[in-house]
There are 2 protein chains.
Amino acid sequence: MDSVQIGLLGCGTVGAGVVDLLAKRSGRILELTGLRPQIKRILVRDLEKPRALSIDRALLTNCVDDILNDPEIAVIIETIGGTSPAHAFVMRALEAGKHVITANKDMIAQHGDEILAAAARTQTDVLFEAAVGGAIPLIRPLKECLTANVITDLQGILNGTTNYILSKMTATGAEFGDVLQEAQDLGYAESDPSSDVDGLDAARKLAILASIAFSTRVRLGDIDVRGIRSITAADVRYASEMGAVIKLLATGSNEAGHVHLRVGPSLVPKDHPLARVDDAFNALFVHGDAAGDLMFFGRGAGSLPTASAIVGDVIEVLRNMRLGVSGRLTPAPNSSKPVNEREPAPAAHFIRLEVGDKPGVFAQMAALFAQKSISMESVVQRRLNPLAAEIAIVTHDVSAGVLARAMKELQSLPDVVAVHNVLPVLKGDSTS
Amino acid sequence: MDSVQIGLLGCGTVGAGVVDLLAKRSGRILELTGLRPQIKRILVRDLEKPRALSIDRALLTNCVDDILNDPEIAVIIETIGGTSPAHAFVMRALEAGKHVITANKDMIAQHGDEILAAAARTQTDVLFEAAVGGAIPLIRPLKECLTANVITDLQGILNGTTNYILSKMTATGAEFGDVLQEAQDLGYAESDPSSDVDGLDAARKLAILASIAFSTRVRLGDIDVRGIRSITAADVRYASEMGAVIKLLATGSNEAGHVHLRVGPSLVPKDHPLARVDDAFNALFVHGDAAGDLMFFGRGAGSLPTASAIVGDVIEVLRNMRLGVSGRLTPAPNSSKPVNEREPAPAAHFIRLEVGDKPGVFAQMAALFAQKSISMESVVQRRLNPLAAEIAIVTHDVSAGVLARAMKELQSLPDVVAVHNVLPVLKGDSTS
C-alpha cells in the first residue's frame, strides 16, 4: 500500500490551503517519497459551515476521536491554533504513534519541550517549519544547514501585522491608532490585536527560533517583550531624519553561554537589509561564527505560503517513513542557558522627550549625559508650542544600567515634561 | 568505533578552514550524530610548502592513492577546485564507496549528472552546498524545504568579484578597468579574472541551482552568458539617475516547462532587495508558486563561510551513516526541459547610445521606436562634445525579437554613432 492517511485538524484559511496544495502536488510527492499522501478526515467545529469547493464534505467530522483513534491515520496536520485543545490533541496523536506537523507557534513556544520529549519517546516526527516565518525556511536551516556554526545573534521581523502598521506609519506619517483601525478594517489585524501589537506573537516565534539556534530551553516569560502601541508619528519622523526606520525586532544573542532575548520596537538604520523588509514580509538575520551574516526573507503568513511550509514538512515525514528513520532526527534535549540574567551588550539608543521651552534646559540635559559619560551621536530639537519643545537624541553605545539611571534622573529634572520613548538602535549594516 | 576517517583533497584557503572548523566542532558533531569526524590524510601538491600551525604535517601526502585506496577512509572532502583531476578523484572515491563533499562548482556544473548517477549506483552521498553561495544555505532549501513548490523564477547575485567591482563602480563612479586593477591589487580578483568578469563562474552556479530548482538537466553551453567588461561609469551613472543599480544577475525562469537561463549585467531597481546586496555578498531570490517570493542572503566566499557549508554537509553525511540511509536521499534522475529555445518573456530594457548632436536625431529614434511599438519609460540625453550626444533610455516591456530588430535598425541610422549597451531591467520590487 503506497498511500499514507492523514488527519487534518482545523479547516480555516491554512487548512484549506493545505488541502489544495497536497492535492496539487500529490504526484510529485509520490515521485519524491514513494508514498502518496491522502487526507482521510478533517476535524471542524461546524459541519454545516460553507466551505471551498475543493473540500470534500464527506471527510468532515466534528469528533476528534474519529481521527485520533483511527489506526490507519499515520500523520496529523494541526492547523487549529492556540494551546487548547490543540496541545491535548497533539499529545494524544503522538502517544498513538502518529507523526505531527503543526503551524502552531503558541503551542510550540509553550509546550515544545513536552511535545519533543513525547516524540522522542514514541519515535515519531514532530515538524513545525510553518510556525515561524510562514513560507521562509528557518527552522530547518537553523537545525540542519548551520549546525557547523555557533550562532551568536538573531534579529528578526517576525510579525506581519506590526510590520504592516509600522511600514504604513513610515510611508504616510499617520498615527498608530489610525493605521491600526485601517488594518482592522482591511482584515490585516484582528479585532483584538493585542497579541500582535503587544509583541507576544513575535516573542513566541523568537522563543522557538532561539531554542533551536542557541540549543537551550526558552520560557516565554524570560523574554523582555514590548509592543508598538507607544510608537507615534513623531518617533517615526525623528527616526527617519536620523537615517533609520522603526521596526518591531525580535533579537537574541548568545555570548559565552549567556542568552539575551528581547522583542520591542527598535531603530534600524536605512542601509541595513532589515530596513527594507516591509508590509507583511518577514525576515531573519542570523550571525554564525563561521558563516558570518545571513538573511532569510519571505512571506510570513497567508494560506499558500503557510501551506508551502506544511507540505514541505509532510514530504519530510513521508521520506522518513519510507527510510524507516521516523523520530530519529528529533534534536536531543537541550541544555538550559541563563536568559536575560546579565546586562545586555551596550547599544546605541534613541530617546524622545518633551521639555519646557526655556533657556538652559538643553544644557541641563547635556550636563547630565556628560556626567554619565553618555555621548550623543545626533540630536534634533523642535518647538512644539510656545511653552514646550521636543528633543530626539541618538546616543552612542551605552550600557542598559547607565541608561536606566540617566533616564530616571532626566525624568526628575524640573523642566523635563516627559521622556516618551527609549528605543535601542540596531548596529549598522555590516555588509557595506 | 565512534570515529569516521576523512580524506581531505586540497589544503588551500578552504581546506585549511575545514581543518580548523572540524576540529573546533568535533565534540558537537559527536553529540549531533554519534560519530566523531577525524581527518586521516590531506592531499597536497607540495609537501614542503609552509602551512598554518593547525595543519598536522604528518597527515600530508602528495599521493592521492594514500587516500582513495585506504579502506578506512569513508568520507572525502574535495577542495582542489577545477575539473581535472578533481573529477577523476571523485569518481574513484565514489566507486570505492566513499561519500563525497565538495565545494567544486566547475565539476558539479559540468559533471553533476555523472557524479550523481555514480552516487546512486554506489549508495553513497554526494553533497555540494558550498559550491554555490558559500555559507548561504541554498541547495538544501531548494532540494528539501521548498519541495512543495513549483519554482518559477530564480534571480541571483552569485559572483562576489563582479559584485565587488560593480558596487565600487556605483559607489565611486570609477571605470571598470580601474576598479578591476584595484581588486586585483587587493587580492579580490584573480590575475586572470575572466571566469569571474565574463560571467562563467556565475553561469556554473546558475546551472547547479536551476537543475535542482527546475528539476532538469542543464548544460552550461545552453546558458546565455554575458560578462561585465562592457559596463562603463556612464552606464552606472545613467542607471542611478533612472533609479537602479547595475548588477551581474543570474536569472532562471520556468514557464510551462520552458526554461530560460541567462547571466548578464542587468538594472535592478533601487527598491528591490537585490539592489542592496553589495560587495562580496551573494543573494538568491526565489519565487515559488505557493511560497511566493523568498530571498537568501549571505557571504558567498571565504575560508570560514565555505567551511561552514562543508562541515554542515559533513554532519549530514555522518547522520546518514548513523541512520543507515546513505545514498538514499540523492534525487531521482531529472527530466530534460528545453532551455532557451523559446523567446523569453518581454522585459523592460536599458539602452545607452551615442548619436551625432544634430537636430532631428532624437525624432528619428523616437519614430523608429514608435514604429516598432516600443514605448519609453524614461530618457536622458546629454551632450558629450560639440559633435556628439549620449542618450540613455529605459523602455517598457518589449520582446527580445522586436528589441533586436529595433537595435539593428537603430545602429543603421546615419546619425547613430554606436549603441553601447542594451541591458534588461529586473521587474520592480514585488514586496512593496
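Twelve strands form an open sheet with mixed pairing, in the order E8(A)-E10(A)-E9(A)-E7(A)-E11(A)-E12(A)-E12(B)-E11(B)-E7(B)-E9(B)-E10(B)-E8(B). Strands here are DSSP runs (E, at least two residues) and helices are likewise runs (H or I, at least four residues), numbered from the N terminus, while two strands pair if DSSP finds at least two bridges between them. Strand E8 (224–225) of chain A and strand E8 (224–225) of chain B stand at the edges with a single partner strand each, so one side of each has no neighbour in the sheet. Strand E12 (residues 292–299) of chain A and strand E12 (residues 292–299) of chain B run antiparallel and are joined by five bridges; A:Phe297, for instance, has B:Met295 as its bridge partner in E12(B).

| Helix of chain A | Strands of chain A touched | Angle with E9(A) |
|---|---|---|
| H7 (residues 160–172) | E7 (151–157), E9 (244–255), E11 (281–288) | about 140 degrees |
| H10 (residues 200–213) | E7, E8, E9, E10 (258–269) | about 35 degrees |

In chain B, helix H4 (residues 86–95) and helix H5 (residues 105–122) pack at about 10 degrees, with their axes 9 Å apart; H4(B) and H5(B) are therefore roughly parallel to each other, a term for angles under 35 degrees.

This is a predicted model, in which local features need pLDDT of at least 70 and side-chain atom pairs count only at pLDDT 80 or more, whereas totals for chains, interfaces and linings use all residues. Residues are numbered from 1 along each chain as its sequence is written, and chains are lettered from A and ligands numbered from 1 in the order in which they are written.

Methods:
Two residues are in contact if their C-beta atoms, placed from the backbone, lie within 7 Å. Axes are lines fitted to C-alpha atoms, for helices over the stretch in contact, and angles run from 0 to 180 degrees between N-to-C directions. Angles under 35 degrees count as roughly parallel, over 145 as roughly antiparallel, 65 to 115 as roughly perpendicular and the rest as oblique.
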